[in-house]
Amino acid sequence: MNIKLALVPGDGIGPDVVQQAVRVLDKIGQVYNHHFEYETVLAGGAAIDVAGECLPKETIAVCKSSDAVLLGAVGGWKWDVLPGDQRPERALLGLRKELGLFANIRPAILFEELAEACPLKQEIVEGGMDLVVVRELTGGIYFGEKGFKQTDMGLAAYDVEQYAEEEVRRIAVVAFDMAMKRSRKLCSVDKANVLESSRLWRRVVNEVSKDYPEVTLEHMYVDNAAMQLVRNPKQFDVIVTSNIFGDILSDEASMITGSIGMLPSASLAQGNFGMYEPIHGSAPDIAGLNKANPMATILSAAMMLKYTFGLTIEAEAVEKAVKAILAKGYRTPDIMSPGSKPIGTKEAGDLILKEIT
Ligand code: IPM
Ligand code: MG
């Protein structure tokens, strides 16, 4: 296969981790006979510094003309002083909207080898946790009407939560399809006891469920879901929810795994196009110091192989390689435990490359 990728290393440790993922992809190319071609573009603070804006038009154009996008991270203290609409994070929202990435897939897997990193009592996660949050990514309060108005309580600011039937339907379809490939259990999270937009969400999810008679669908209020996630996370398999609830619950779920440096994500458009990125942020304090854990980005590249290109065997080879180095006791600083072998960003890449044969 000939594959054309847009690389968006971004800020902080973004370039460090993307570099290792590219090495892994090239190795996969060698072993399984694929050719990867890369075009690197700017976004976030790096783009602000060079081009004066966080998401230059050229970046969008290159991403659109590629087969998929691999992104590191955006943001850092340096740009924290900028007004909200000019912050590096705007680049992420812009890319999501421009590229039509409405479905965000965030697996939260407790790696057996890292079980001790989980902050919950061991009996709660005994036997492992493996769930995936399917988050709606281009609608809701993130993209609804926003603004200011004068009220008798002073200046007010507002952000509108709004969902259209079709927006809910398409994300529900992604979640049901995912559930069909896993344990056929889906939990839809909303706040239908209070919000009109949630009541519409629930109605549409119920309608879509008629096409998936084999999937057991459950609805849960978001406050209860936040509680259940720490009480008994193993009850969940696939969770589908809105943009804002998914933002919050996916952070909570990732913390339960204890190793945010390990978790990949995919943001998918209609069709096979997607943008892939680690869940963690830009960690500017360790940028360029060979300390960042590249495994989340490498696993994001694996998701890309699977979801965009249907290269399941290649994706599994990458996942197996990551697990193998963990099993051998190698640890980057973020997942270090007593008695393990400390490695840096580059060594993690080297070791993973060696496992792919
Ligand atoms: C995420 C992040 C972003 C979001 C921020 C950086 C805009 O928290 O990807 O979860 O809120 O979606
Ligand atoms: Mg978030």
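This is a predicted model: local features need pLDDT of at least 70, side-chain atom pairs count only at pLDDT 80 or more; totals for chains, interfaces and linings use all residues.
Asn33 sits in the loop between helix 1 (14-32) and strand 2 (35-40). Now check its backbone. Asn33 is not a glycine, yet its phi is positive, at about 65 degrees. Why point that out? Because most residues other than glycine have a negative phi.

**Along to strand 2**

Move on to Glu37. This residue is found in strand 2. Is Glu37 buried, exposed or partly exposed? Its relative accessible area is 45%, so Glu37 is partly exposed. The cut-off for exposed is over 50%.

In sequence, Glu37 and Lys4 are 33 residues apart. In space, their C-alpha atoms are 4.8 Å apart.

**Step back: two domains**

Zoom out and colour by domain. Domain 1 takes in 1-101 + 267-357, and domain 2 takes in 119-257. Notice that domain 1 is written as two stretches of sequence. How far apart are the C-alpha centres of domain 1 and domain 2? They lie 25 Å apart. Seven residues from domain 1 and seven residues from domain 2 make up the contact.

**Ligand 1**

Select ligand 1 next. Which residues are around ligand 1? Show Glu89, Leu92, Arg96, Arg106, Arg135, Tyr142 and Asp247. This shell divides into two nonpolar, no polar and five charged residues. Helix 4 (residues 89-98) gives the largest share of the shell, three residues.

- Arg96: an N or O atom of its side chain is 2.7 Å from an oxygen atom of ligand 1.
- Arg106: here an oxygen atom of ligand 1 is 2.8 Å from a side-chain N or O atom.
- Arg135: the distance from a side-chain N or O atom to an oxygen atom of ligand 1 is 2.8 Å.

Taken alone, ligand 1 exposes 320 Å², and the protein buries 71% of that.

Go to Arg184. Find it in the loop between helix 6 (165-181) and strand 8 (185-190). Arg184 is another residue that is not a glycine but has a positive phi, of about 60 degrees. At 35% relative accessibility, Arg184 counts as partly exposed.

Step along to Val189, in strand 8. Is Val189 buried or exposed? Val189 is buried, with a relative accessible area of 1%. Val189 and His219 are 30 residues apart in sequence, and their C-alpha atoms are 5.9 Å apart in space.

Now show what Val189 touches, leaving out neighbours within four places in sequence. Its contacts include Trp201, Met220, Tyr221 and Val222. Ala225, Ile239, Val240 and Thr241 are also among them.

**The end of helix 9**

Select Thr257. This residue is found in helix 9 (residues 243-257). Thr257 is buried, with a relative accessible area of 0%. Its side chain reaches the backbone oxygen of Ser254 at 2.7 Å.

How many residues apart in sequence are Thr257 and Leu110? They are 147 residues apart, yet 4.7 Å apart in space, C-alpha to C-alpha. Beyond neighbours within four places in sequence, Thr257 is in contact with Ala108, Ile109, Leu110, Ala117, Cys118, Met129 and Leu263.

**Last stop: Thr332**

Finish at Thr332, in the loop between strand 13 (330-331) and strand 14 (341-342). Is Thr332 buried or exposed? With a relative accessible area of 0%, Thr332 is buried.

Show its side chain together with that of Asn293. The two side chains make a polar contact, at 3.2 Å. Then widen the view. Leaving aside neighbours within four places in sequence, Thr332 is in contact with Ala292, Asn293, Pro294 and Met295, among others. Ile343, Gly344 and Ala348 are also in contact with Thr332.

Notes. Residues are numbered from 1 along each chain as its sequence is written. Chains are lettered from A and ligands numbered from 1 in the order in which they are written. Side-chain values use heavy atoms; hydrogens and water are left out. Helices (H or I, at least four residues) and strands (E, at least two) are DSSP runs, numbered from the N terminus. Buried means under 20% relative accessible area, exposed over 50%, partly exposed in between (1.4 Å probe, protein chains only). A polar contact is a pair of N or O atoms within 3.5 Å; within protein, one must be able to donate a hydrogen and the other to accept it, and residues adjacent in sequence count only if both atoms are side-chain atoms. Contact means heavy atoms within 4.5 Å. A residue is near a molecule or strand if one of its heavy atoms lies within 4 Å of it. Accessible areas come from the Shrake-Rupley method with a 1.4 Å probe; for residues, only the protein chains shown count as cover. Ala, Val, Leu, Ile, Met, Phe, Trp, Tyr, Cys and Pro count as nonpolar, Asp, Glu, Lys and Arg as charged, and the others, Gly among them, as polar. Domain bounds come from an automatic or database domain assignment.
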